Amino acid sequence: MPAGVFEMGDRRVESAPVDVHLPDAVHRCLIHGVIDALVRLDAGGYALIDLAAAGRRPDEVPLYARQLHAAAYALEHPAAGTSALGPVTCLGLLVFEPEKFAREAGGLGVLTGGLSWIEVPRDDRVLFGFLAEVLAVLERPEPPGGAPLCDWCVYRDASRRTGL
């Protein structure tokens, strides 16, 4: 993890309106969220960090990457009346993996374990591509059909057939 000083944690962020370009239209949306931690980097700029209290599987990292990219964009392009923070030059997950709990004198407890840093490369094209996909689906008059092996799609189709 790059060197720096924790500036803030657990803060709500909201972006100014975001123009998302689709092949046949331009749509607007807002980004809302909560950040876990923002670090002012010694080398300049900021790191946006998601804190996790358990191991992360590699297939989960893209989900956190979307969240981190959206929050970084919102920090750099905030809603009216809010000051921008940036540039956000580093994104990542700081993962704490608990291993041992010990009781100490005075009724205190200590939880120890490993820390690992998973850096997420910054690529705003990925964020805008994802927003374009989501907005294209939301603009449809009907929801898209599901995938045959998708648990959610099977549940949705069964509930439509049964009315539950």
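Let's start with helix α1. It has 16 residues and spans 22 Å from first C-alpha to last, close to the 22 Å expected at 1.5 Å a residue. Much of the helix faces inward: V61, Y64, A65, L68, H69, A70, A71, A72, Y73, A74 and L75 are buried.

A word on confidence. This is a predicted model. Mean pLDDT for the protein is 87, and 99% of residues reach 70 or more. Strand β4, residues 32-41, scores highest, with a mean of 92. Helix α3, residues 151-162, is lowest, at 83.

Searching the whole structure turns up one cavity of 30 Å³ or more. The volume of the largest cavity is about 50 Å³. What lines it? V34, I35, D36, L48, I49, D50, Q67, L68 and A71 do. By type, the lining residues are six nonpolar, one polar and two charged. Note L68 and A71: both are buried in α1, and both line the cavity.

Now past the helix. P87 sits in the loop between α1 (61-76) and β6 (88-103). The G86 to P87 peptide bond is cis, omega near 0°. In general, most peptide bonds are trans.

Next, β6 itself. How many bridges join β6 to β7? Twelve, and the two strands run antiparallel, with β7 at residues 109-120. The β6 and β7 hairpin has five residues between the strands. There, G106 takes a positive phi, near 80°.

Terms used
Residues numbered from 1 in each chain as written. Predicted model: local features only at pLDDT ≥ 70, side-chain atom pairs only at ≥ 80, totals over all residues. Heavy atoms only, no water. Helix = DSSP H or I, 4+ residues; strand = E, 2+ residues; numbered from the N terminus. Pairing = 2+ DSSP bridges. pLDDT = per-residue confidence, 0-100. Expected span 1.5 Å × (residues − 1). Buried < 20%, exposed > 50% of the residue type's maximum accessible area, 1.4 Å probe, protein only. 1 Å grid on protein atoms, 1.4 Å probe; cavity = no way out; pocket = protein on both sides within 12 Å on 5 of 7 lines; lining within 4 Å. Points joined across faces, edges and corners; volume = space filled by probe spheres on them. Nonpolar A, V, L, I, M, F, W, Y, C, P; charged D, E, K, R; others polar.
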